[in-house]
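The entries follow in the order I made them.

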6 protein chains.
Amino acid sequence: MRSHVGDAADNWIAAIGDIYPEFAKVNVEFAFGELYRRDIVDDKTSELCAAADLTVQGFALPELKVHVKGALNTGSSREEILEIVTQMIAYCGFPAAPNALLAVKEVFDELYACE
Amino acid sequence: MRSHVGDAADNWIAAIGDIYPEFAKVNVEFAFGELYRRDIVDDKTSELCAAADLTVQGFALPELKVHVKGALNTGSSREEILEIVTQMIAYCGFPAAPNALLAVKEVFDELYACE
Amino acid sequence: MRSHVGDAADNWIAAIGDIYPEFAKVNVEFAFGELYRRDIVDDKTSELCAAADLTVQGFALPELKVHVKGALNTGSSREEILEIVTQMIAYCGFPAAPNALLAVKEVFDELYACE
Amino acid sequence: MRSHVGDAADNWIAAIGDIYPEFAKVNVEFAFGELYRRDIVDDKTSELCAAADLTVQGFALPELKVHVKGALNTGSSREEILEIVTQMIAYCGFPAAPNALLAVKEVFDELYACE
Amino acid sequence: MRSHVGDAADNWIAAIGDIYPEFAKVNVEFAFGELYRRDIVDDKTSELCAAADLTVQGFALPELKVHVKGALNTGSSREEILEIVTQMIAYCGFPAAPNALLAVKEVFDELYACE
Amino acid sequence: MRSHVGDAADNWIAAIGDIYPEFAKVNVEFAFGELYRRDIVDDKTSELCAAADLTVQGFALPELKVHVKGALNTGSSREEILEIVTQMIAYCGFPAAPNALLAVKEVFDELYACE
């Protein structure tokens with residue numbers, strides 16, 4: 001999980017584990033131990049697909065922000081991430097996509113504020 | 001649109017245009033004329049992201065089948081498509097993902113029946 | 001309920017009531033007895049809003065077909081219904097809207113087959 | 001409604017009724033007067049099912065918090081509520097479930113802060 | 001877009017365009033240039049349908065607030081908007097509808113605070 | 001998984017495994033090996049919560065039918081299942097709930113046709 005989303009992983013799991021350790025255990029073991037352990041799709045593509053889904057789901061902005069970091073960590077450029085969110089307009093329309101765009105901007109602002 | 005999803009494009013647009021030409025016009029002009037005209041993300045990644053989203057949305061199996069063809073046409077292997085659908089379990093749980101898997105199988109059966 | 005959707009009301013309620021009479025009772029009493037008893041919004045607008053929502057929800061095609069009849073019964077033209085479904089592309093993207101368009105066509109075919 | 005969710009009922013209805021009294025009237029009369037008046041399923045199970053649904057829907061965190069109180073008021077332990085939210089991972093994946101977990105924690109913190 | 005939602009249009013597009021100009025371009029050109037350019041459905045009905053959809057989608061409160069202004073600008077009364085949101089209970093249940101009601105109230109408070 | 005849903009488990013896993021064995025492996029190991037292995041919530045309540053969620057999600061009718069069998073196998077009466085689906089009207093409105101009711105009826109017809 002750290003190799004995908006970096007330090008965000010530890011913060012996320014610590015927050016979840018503080019509430020219910022069983023949930024945190026499942027989150028790490030299942031999502032990263034089982035689902036992402038195969039090498040068929042490269043990590044960059046997996047993370048862009050995750051960002052795409054979380055855009056479309058509309059209510060998943062905290063998780064989207066984790067996977068925007070995941071996309072950056074696995075080699076996507078900022079423009080690729082913005083482009084994928086924009087392409088999602090075709091699949092979720094305008095209510096969900098701009099909310100995602102604002103969440104992406106929050107991550108960029110946090111990471112690149114001094115540029 | 002043809003470069004993405006092949007012959008499926010013409011069938012889809014003909015069916016839609018027969019009902020309401022304005023809808024078909026928007027479908028082609030907007031989705032493929034505007035959203036997919038930039039070169040920032042390669043077509044293979046775009047189509048896998050589309051397949052991922054349509055898996056998660058749950059009710060979008062006819063469109064998923066169009067984009068499974070799109071993924072194959074833009075260079076994804078069958079195993080990559082199956083893997084992306086399986087990874088989506090993390091984002092949509094078990095109700096939506098197996099339905100998507102069955103839709104993917106229908107496309108593979110249609111295209112590769114004689115193998 | 002009959003004043004909105006016509007004969008489709010009786011068929012729907014009979015099918016539901018055969019499974020669980022409590023459900024049918026709630027369906028009539030609540031949806032039509034309580035929610036639609038006020039005169040603030042005219043019936044035509046209410047039925048177009050219903051058709052719009054059921055388009056966006058994606059999985060609600062049987063109910064959409066009931067409310068397409070409701071829209072026709074309360075004074076909408078066929079073109080107005082097609083236009084509302086098309087406008088919904090902005091709110092739900094392309095997966096849900098074309099499925100709705102196909103459901104609308106089924107109702108039109110059923111009602112106007114001889115024209 | 002008070003027997004299910006306790007004092008939270010009055011606050012909720014007062015806030016809604018201040019905006020549109022018709023909405024508050026429907027909320028009490030329909031949801032609690034009609035849907036929950038039968039004795040076929042016990043209140044504890046009903047409230048856990050409500051918490052489960054609101055977890056899966058993803059965007060319904062204010063309502064989830066009302067029904068977490070409802071679950072506690074009708075005899076569920078804190079661990080049972082955490083367990084049901086965790087089981088929902090199977091049905092909604094990781095985007096919706098952790099957000100629900102955080103909302104549950106807010107209710108527990110509010111109610112049990114001094115323990 | 002200005003004729004629908006007024007000044008809210010400029011603020012929205014400026015915020016979006018600051019993040020990714022392509023997204024803002026698509027938002028204006030497609031949603032308002034293509035989808036809303038025909039005269040088949042009047043603007044008042046279109047905006048009420050938009051408000052109805054954004055109520056049902058649950059996670060789209062920022063966009064709902066834009067279209068509540070759109071509904072007011074195109075001739076709907078406050079009571080008509082409240083009534084449409086209330087009718088949506090039939091299509092989305094109680095989790096999404098009260099959240100929408102609270103968002104509508106925020107717009108009314110902002111616009112009519114001095115009344 | 002067999003203890004929850006009975007023979008339906010084997011059919012489901014065989015169908016999924018035929019398409020992509022990794023998916024079937026995850027389905028059994030994760031959903032039943034990890035999520036349902038704790039004893040905090042009894043199986044009957046878990047299965048009713050599952051049926052409730054799959055009702056609300058709207059597009060998950062094949063999975064709902066598996067868990068209706070699961071609910072019957074873990075001690076729920078037919079009337080309890082019908083009641084839970086009916087209560088879900090409060091959380092998902094009328095589009096999703098009647099579709100679920102029809103799916104429940106299909107399971108009852110299959111299992112109890114000769115009564």
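**Entry 1: chain F against chain D.** I looked for salt bridges first, taking a side-chain nitrogen of Lys or Arg within 4 Å of a carboxyl oxygen of Asp or Glu. Two turn up across the interface of chain F and chain D. In one salt bridge I find D:Arg38 with F:Glu83, where the closest N and O atoms are 2.9 Å apart.

Before going on, I noted the ground rules. This is a predicted model, in which local features need pLDDT of at least 70 and side-chain atom pairs count only at pLDDT 80 or more, while totals for chains, interfaces and linings use all residues. Residues are numbered from 1 along each chain as its sequence is written, chains are lettered from A and ligands numbered from 1 in the order in which they are written, and side-chain values use heavy atoms, with hydrogens and water left out.

Next I checked polar contacts (a pair of N or O atoms within 3.5 Å; within protein, one must be able to donate a hydrogen and the other to accept it, and residues adjacent in sequence count only if both atoms are side-chain atoms). Eleven residue pairs qualify between chain F and chain D, both residues at pLDDT 80 or more. I then asked which elements of chain F touch chain D. Helices here are DSSP runs (H or I, at least four residues), numbered from the N terminus.

Chain F and chain D bury about 2,700 Å², with 64% from carbon and sulfur atoms. F:Ile40, F:Gln87 and F:Tyr91 lose the most area in chain F, together 24% of what that side buries.

**Entry 2: chain F against chain B.** Here 16 residues of chain F meet 18 residues of chain B. The buried area is about 1,500 Å², 78% of it on carbon and sulfur atoms. F:Ile19, F:Tyr20 and F:Phe23 supply 47% of the area that chain F buries against chain B, more than any other three residues. I count zero salt bridges between chain F and chain B. One residue pair is in polar contact, both at pLDDT 80 or more. Helix 3 of chain F gives the most to this side, five residues.

**Entry 3: helix 2 of chain F.** Which residues of helix 2 (residues 7-19) of chain F are buried? I find F:Ala8, F:Ala9, F:Trp12, F:Ile16 and F:Ile19. Buried means under 20% relative accessible area, exposed over 50% (1.4 Å probe, protein chains only). The five lie on the same side of helix 2 of chain F because they cover an arc of only 100° around the axis, taken from the directions from the helix axis to the C-beta atoms. The face turned away carries the exposed residues F:Asp7, F:Asn11 and F:Asp18. The buried residues pack against helix 6 (78-87) and helix 7 (89-112) of chain B, and against helix 1 (2-5), helix 3 (21-35) and helix 5 (61-73) of chain F.

**Entry 4: cysteines.** With cysteine sulfur atoms within 2.5 Å as the rule, I count zero disulfides over all chains. B:Cys92 is in no disulfide; its nearest cysteine sulfur, that of D:Cys92, is 9.9 Å away. B:Cys92 is buried, at 5% relative accessible area. D:Cys92 is buried too, at 6%.

Definitions and conventions: Helix = DSSP H or I, 4+ residues; strand = E, 2+ residues; numbered from the N terminus. Contact = heavy atoms within 4.5 Å. Buried area = accessible area lost by both parts, 1.4 Å probe.
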